[in-house]
Structure formats: structure tokens, C-alpha cells
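I opened this model to follow the strands and the charged side chains. My entries are below.

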Amino acid sequence: EDPESPVCVTDVVFYSDGKPLNGPWLTQKLKYDKQKAPLLGTWFSGYEGAPERFISFYFDGTYRYDYQPLDQAKKGRTFSGDYEVSGSKLVLRVPGQGKVSLRLKREKTGEEGAASKRLLTLEGKEVPKDLQDTFRDQP
């Protein structure tokens, strides 16, 4: 009941459809993946401090793209699907286009020791128009 009381991860039990998710099955699902790890989280595109495009990569192998234009006259767009990553290759399942194979280009900006941004560019012939921009890891 104390809000400052620590909780150990072993004390947490995940449930799905009323059944506990534990044991070897869950261990395999939550295993660290060094290919996905640098990609996980939300990436931003658009103006610094006021991004319009967001792409979020989730631990379970799914992603969500969201376009929220600053100009209210423009129409937003959202889609989601699953992804696979292997080295510098990213395969997205894009609604209406099927599987799209892209090349990941990750780079850091800024000087050594200073706070740097990571940049993500998707390259290839099949890049959906919505994703033809450089995304960064900070708004």
C-alpha cells in the first residue's frame, strides 16, 4: 500500500484471458533481442519540438504509424502491422501493400559526450510514402 514500496519483477504475474502467463512459454516471448532493442520505442518526424509523424515499434513485433498534421485542414492517417528486423533489413507488413522490405539506416548526431539523437531512415524501392522521411528518437 506504500507508494514508495519497491516491487520485484518476480512479484508480477501477467494475465491474458484470465489465465496466468508464466513458465517457459513466457520466458521465450520476453527474451532480449539485440536486433530489435535499438529500434524499440517511438520515433518522431516533422518539426523539432512539434513532430507530425510517429512510428512506434513494440516488443511483440508490431508497429504503429500515426500522422497527426499540425494543419487541421489535412487529414491524419494511422496504420499498424507487424515487423521483423535482421541487421540492417526491416520487413514491415503494411496494410494494402503487404510485406515491404526496407533498409534501416541508423546514425547518431551530436558531438562525442554531448546528448545525441539517433536517426532512422527507411530506404528502398518499396518505401511507403508515409515513411519516406527521417525519424529521430526525440521529439
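**Entry 1: strand 4**

I began with strand 4, residues 50–57, and checked how well it is covered. Six of its eight residues are buried, so strand 4 is mostly covered. I took buried as under 20% relative accessible area, exposed as over 50%, and partly exposed as in between, with a 1.4 Å probe and protein chains only. Helices (H or I, at least four residues) and strands (E, at least two) are DSSP runs, numbered from the N terminus.

The model is predicted, so local features need pLDDT of at least 70 and side-chain atom pairs count only at pLDDT 80 or more, while totals for chains, interfaces and linings use all residues. Residues are numbered from 1 along each chain as its sequence is written, and side-chain values use heavy atoms, with hydrogens and water left out.

**Entry 2: neighbours of strand 4**

Which strands pair with strand 4? I counted two strands as paired if DSSP finds at least two bridges between them. Strand 3 (residues 41–47) pairs with strand 4 in the antiparallel sense, over seven bridges. I looked up G46 and found P51 of strand 4 as its bridge partner. The two strands form a hairpin with two residues between them. G49 sits in that turn and has a positive phi of about 85 degrees.

Strand 5 (residues 62–67) also runs antiparallel to strand 4, joined to it by five bridges. Here R53 has Y67 of strand 5 as its bridge partner. The hairpin of strand 4 and strand 5 has four residues between the strands. In this hairpin G61 takes a positive phi near 90 degrees.

**Entry 3: S56**

Is S56 buried or exposed? S56 is buried, because its relative accessible area is 11%. Its side chain makes a polar contact of 2.8 Å with the side chain of T42. A polar contact is a pair of N or O atoms within 3.5 Å; within protein, one must be able to donate a hydrogen and the other to accept it, and residues adjacent in sequence count only if both atoms are side-chain atoms.

I also listed what S56 touches, not counting residues up to four places away in sequence: G41, T42, T62, Y63 and R64. Contact here means heavy atoms within 4.5 Å.

**Entry 4: onward from strand 5**

Strand 5 pairs with strand 6 in the antiparallel sense, over six bridges. In strand 6, T78 stands opposite D66. Strand 6 in turn pairs with strand 7 (residues 89–94), antiparallel, over four bridges. S86 has K89 of strand 7 as its bridge partner. The hairpin of strand 6 and strand 7 has two residues between the strands, and G87 takes a positive phi near 65 degrees.

**Entry 5: salt bridges**

Side chains of opposite charge can pair when their charged atoms come close. I used the rule of a side-chain nitrogen of Lys or Arg within 4 Å of a carboxyl oxygen of Asp or Glu. How many salt bridges does this give? The count comes to six.

I looked at D130 and R53, whose side chains meet in a salt bridge at 4.0 Å, N to O. The pair links distant parts of the chain: D130 is in the loop between strand 9 (118–123) and strand 10 (134–136), R53 is in strand 4, and they are 77 residues apart.

D130 also forms a salt bridge with R77, with the closest N and O atoms 2.5 Å apart. R77 lies in strand 6 (residues 77–86), 53 residues apart from D130.

I checked the cover of each member. D130 counts as buried because its relative accessibility is 15%. R53 counts as partly exposed, at 21%. R77 counts as partly exposed too, at 37%.

I noted one further pair, R118 and D137, with the closest N and O atoms of this salt bridge 3.2 Å apart. R118 is in strand 9 and D137 is in the segment after strand 10, 19 residues apart. R118 is partly exposed, with a relative accessible area of 26%. D137 is partly exposed, at 22%.
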